[in-house]
Amino acid sequence: MLRRWRRWWLQPCGARAVLALALPLVISFASWTVMNFTDRMFLVWYDTAAVAAVLPAGMVQWTLVSFAMGLVSYVTTFVAQYEGAKRPHRVGPVIGQGLWLSVFFLPPLMLTIPLARWMFLAVGHPPHLAELEARYYQVAMLSAGAMLFSAVQAGFFTGRGDTRSVMLVDTAAAVINLVLDYLWIFGKLGFPEGGLEGAAWASTVAQWFKVLCYFALMSSPRYGEYRLADARRLEWPLLRRLWYFGAPNGWQWFLEGAGFTGFLLLVGRLGEEATAASNLAFNVNSLAFIPPLGLSIAVTTLVGQELGANRPRRAERATWTAFQLAALYTGVLAVAYVLVPDIFLFAYSAGAAGESFTALRPTIIFLLRFVAAYCLFDAMNLIFSGALRGAGDTRFILRVGLIMCPIPAALTWLGTEFFGAGLLFSWVVLTLWTCALGLIYLLRFLQGHWREMRVIEPAVIDESIELEMPSPVAEVESLSALANEID
């Protein structure tokens, strides 16, 4: 037993290797989770109506940015496969293509700012709520450029396995955001009392701070072999390749974001109490979501690196190890959501005024039982889709998104519009949808098509040393066919 445990822990792409990559990412995301948690807590203390506006407005922003984010952040997989294939001089050019694409998307995103109030009124939100949502959105969208640039920059570090740098930058930015939240929401130390808008300004400043930090780190001479100076040049074949593999990933991000945003906006039509309770339940859900997300990105990196080095069995091992870790974590948390939910709600109630939070508490506790039911399947979704992304199976992920992502919003709309369904029905739909996604990606991973996929140029792979594939000739032929199809 001990020997088996040591092997699980110490073998290549075993638990130690996965956690070495994932833990800094988990800490990084956890820092932002704590920031978002505190941000919502401050807003509950400030005004319950404000917290009802934050999540819908933030999700609309994310939905509009998500295609570009999914596209440009796919440089992580390219960097990982170039690193595994020992071709670091190709890393700088692919980072450059990601930055050029980010610049391309900025003008249309900025043009949505004047349309904010109309967007929220168009989905049927009450005028006072739509006004709050628009005020938050208009400030928060100023961070869109920083979100795109920092996603590309983080891809340079994550794809190489240097998740510690990402952790340090994200944690520093989250601390700045947290401090500015308090100062800007409540008007402390000479800051204006911004309330909802103050929270948006704090997040925007923190996002641009990340860009400056990454730029300073990437300017170091120690990264000379990666030819980051080449990032200034457009390289059309590489840009097309990034678009070919990254665009399906971007569309899938957009479809998931749009589907979830549509769900939230429809819940918003059920009333301010239902909206606020759902928002806070999702905020607590982030405690179960963030560690598997860190494991998912670690899996994407390890699968990319191992496939770049033509070691698919190690890539498979990394994926299963990450899922085992995620299942253990989410299982413990699911039990806690059911048995001791007030532990997760104490901070919200501590500073809330009057009965504003007391009225929400029973509904939030009820919704956390749904979170407990689906969080393991959500982890399954993250881990196995992360493995498929690391291989380049983004077109399958897009097909799943096209079919599955409209379902929560569509069924919620039908139930509430024609059958008088309420919050319970909406969350049942969301739970079943999440479970289905997890099972779909698990089955695709088990099929094994991802083993033969690569995103980098066939010439790079041809020169790599085959260690574990049973048929090198067949592998090269399949990659050549893929390259002809792409070109």
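In which helix is threonine 301 found? Threonine 301 belongs to helix α12, residues 272–308, where helices (H or I, at least four residues) and strands (E, at least two) are DSSP runs numbered from the N terminus. This is a predicted model, in which local features need pLDDT of at least 70 and side-chain atom pairs count only at pLDDT 80 or more, while totals for chains, interfaces and linings use all residues. Residues are numbered from 1 along each chain as its sequence is written, and side-chain values use heavy atoms, with hydrogens and water left out.

With a relative accessibility of 0%, threonine 301 counts as buried (under 20% relative accessible area, with exposed being over 50% and partly exposed in between, for a 1.4 Å probe and protein chains only). Apart from neighbours within four places in sequence, its contacts (heavy atoms within 4.5 Å) include Leu21, Thr76 and Thr158.

The structure also holds 36 aromatic pairs, defined for rings of Phe, Tyr and Trp (its six-membered ring) with centres within 6.5 Å, and called stacked when the planes are under 30 degrees apart, edge-to-face when over 60 and tilted for the rest. Phenylalanine 104 and phenylalanine 105 are edge-to-face, because their ring centres are 5.4 Å apart and their planes stand at 80°; phenylalanine 104 is exposed at 58%, whereas phenylalanine 105 is buried at 13%. A tilted pair is formed by phenylalanine 384 and phenylalanine 445, with 5.2 Å between centres and 50° between planes. Since phenylalanine 384 lies in helix α15 (residues 361–391) and phenylalanine 445 in helix α18 (residues 423–447), this pair ties together parts that are 61 residues apart in sequence.
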